[in-house]
Amino acid sequence: MKMKMYDIDDYDSFMKLINLCKGNVYVISGEGDRLNLKSKLTQFVALSQLFKSSVIEELELETENDEDAAEIVDFMMHRKKD
């Protein structure tokens, strides 16, 4: 399932959630590349670039498992807002 996430500001909680997913979770780049977020190399290299600012304004994700997608949506809907 593909989805767009907005205003991700808690890197640690977001990555803990991704690591708990049962299937692969991919971030889709603006050029259409699919990078596996469960890969530690991707987490280190790609996301360190995205998180140079304190908030990722927009991120497109694709999950292999519908339950994982539901957990990610739940996380985004129930996070604390300032």
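A salt bridge is a side-chain nitrogen of Lys or Arg within 4 Å of a carboxyl oxygen of Asp or Glu. By this rule the count comes to 3 salt bridges. The model is predicted: local features need pLDDT of at least 70, side-chain atom pairs count only at pLDDT 80 or more, and totals for chains, interfaces and linings use all residues. Residues are numbered from 1 along each chain as its sequence is written, and side-chain values use heavy atoms, with hydrogens and water left out.

Select E58 and K4 to begin. Their closest N and O atoms are 3.0 Å apart. E58 belongs to strand 4 (residues 56-63) and K4 to strand 1 (residues 2-8), 54 residues apart; strands are DSSP runs of E, at least two residues, and helices are runs of H or I, at least four, numbered from the N terminus.

Select E62 and R34 next. This salt bridge has its closest N and O atoms 3.3 Å apart. E62 lies in strand 4 and R34 in strand 3 (residues 34-36), so the pair ties together parts that are 28 residues apart in sequence. E62 counts as buried at 19% relative accessibility, whereas R34 is partly exposed at 46% (buried means under 20% relative accessible area, exposed over 50%, partly exposed in between, with a 1.4 Å probe and protein chains only).

Move to E67 and K22, whose side chains form a salt bridge at 2.7 Å, N to O. E67 lies in helix 3 and K22 in the loop between helix 1 and strand 2 (25-28).

Finally, display helix 1 and helix 3. S13, F14, L17 and I18 in helix 1 meet E71, I72 and F75 in helix 3, contact meaning heavy atoms within 4.5 Å.
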